[in-house]
Amino acid sequence: MGLLVVGSVAFDSVETPFGKAKDVLGGSATYFSTAASYFTDVRLVAVVGRDFPEKHINFLKKKKIDVRGLQKAKGKTFRWKGKYDFDLNQAQTLDTQLNVFASFNPKLPEAYKDTGYVFLANIDPVLQLEVLRQVKRPKLVACDTMNFWIERKLKELKKTLKFVDILTINEAEARELSKESNLVKAARRIMSYGPEIIIIKRGEYGALMFSDSSVFSAPAYPIESVFDPTGAGDSFAGGFMGYLSSVDNITDANIRQAIIVGSVMASFDVEDFSLNRFKKLTTVEIENRYDEFKQLTYFDDL
Ligand code: AMP
């Protein structure tokens, strides 16, 4: 069916209690498209600066990601600097430099316009809507965002959410967006902005899905070697949307399964800095961890 994503492609500088990485490959669309590439054809829309090395573009091409929508503009690539303390669930943003994203005017290649599945990864909600306007009747639109945009562009974000079917959002950001501390109330409030399904990402505690007719709770895979949680949310979304686009049948059961696939992809991401874990990740490893996930939540009814 194909999957289109717009979001950030970035240089990240990250500090965790276990080490540091400076100016490494990152960005919401980068993590998303890499994770999704294991399941479906991915079309990427983003912008980088002239300082962006060819080796990173080659990495995306090696994952068979369509980069015809990745523009190279005059100026510097988006940069994000963040820090995690021992509670790895909460990133602290130290610096955000929009650079080429400040004047980005996304123009979809003709071949992208009839993509069935669309993911608006974390980026300016104005750009998210601009991309959505250029797609012809998508089957499913999902979206992510963060405090940076909730605090600066709330009105624009709410406008974008009117056209979104599924919102994936961090626990703290769900509370901030809805102004509700209780997560059930938060999900209901966000649904009133447009999305029919809300997936609340809770870091090492897993994910909660709310729809009108059901609630689903998935644990996170218990990982002993968590090095860098950057990109976990986007890798989750990549696995989730990649799987849904590959089955191309949106049912409650398939959404639940997609949440587990997303959790599997996030669990690999956190095992190394940047996208390093995906450089060597195989389909067999993904299948094995999916089976382990089943065991994790299996219990007998006596
Ligand atoms: P997450 O999956 O939530 O850990 O997302 C991490 C990625 O989001 C990093 O690689 C950053 O480059 C990117 N990011 C951070 N802040 C922003 C922002 N304001 N807009 C778009 N992308 C961002």
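These notebook entries record what I looked up in a predicted model.

**Entry 1: salt bridges**

I then examined some of them one by one.

I began with D51, which pairs with R79; the closest N and O atoms are 3.2 Å apart. I located D51 in the loop between β4 (42-49) and α2 (54-62) and R79 in strand β6 (residues 78-83), so this contact ties together parts that are 28 residues apart in sequence. I noted D51 as partly exposed, because its relative accessibility is 31%.

I next looked up D248 and K139, whose side chains meet in a salt bridge at 2.8 Å, N to O. D248 belongs to the loop between α8 (232-247) and α9 (252-269), and K139 to the loop between α3 and β9 (140-144); the pair therefore ties together parts that are 109 residues apart in sequence. Both ends required an accessibility check. D248 is partly exposed, with a relative accessible area of 26%, and K139 is also partly exposed, with 44%.

I then followed shared partners: salt bridges link K22, D23, D51 and R79 into one network.

**Entry 2: a pair within helix α3**

I turned to R133 and E130, whose side chains form a salt bridge with an N to O distance of 3.8 Å. I recorded that this value falls within the 4 Å cut-off for a salt bridge. Both residues are in helix α3 (residues 125-134), three residues apart, or about one turn of the helix. An α-helix has 3.6 residues a turn, so residues three or four places apart point the same way. I found R133 exposed at 55% relative accessibility, whereas E130 is partly exposed at 28%.

**Entry 3: helix α1**

Is helix α1 buried or exposed? I found nine of its nine residues (28-36) buried, so the helix is largely enclosed by the rest of the structure. I listed the buried residues as S28, A29, T30, Y31, F32, S33, T34, A35 and A36. Each of them has under 20% relative accessible area, because that is the cut-off for counting a residue as buried.

**Entry 4: a nonpolar surface patch**

Which residues form a nonpolar patch on the surface? I identified F18, F86 and F227, which together have about 340 Å² of accessible area. Of these I looked up F18 in more detail. I placed F18 in the loop between β2 (10-16) and β3 (19-26). With a relative accessible area of 41%, F18 is partly exposed.

Key:
Residues are numbered from 1 along each chain as its sequence is written. This is a predicted model: local features need pLDDT of at least 70, side-chain atom pairs count only at pLDDT 80 or more; totals for chains, interfaces and linings use all residues. Side-chain values use heavy atoms; hydrogens and water are left out. Helices (H or I, at least four residues) and strands (E, at least two) are DSSP runs, numbered from the N terminus. Buried means under 20% relative accessible area, exposed over 50%, partly exposed in between (1.4 Å probe, protein chains only). Patches are made of residues with over 30% relative accessible area and no salt bridge: like charges are joined within 9 Å, nonpolar side chains (Val, Leu, Ile, Met, Phe, Trp, Tyr) within 5 Å. Accessible areas come from the Shrake-Rupley method with a 1.4 Å probe; for residues, only the protein chains shown count as cover.
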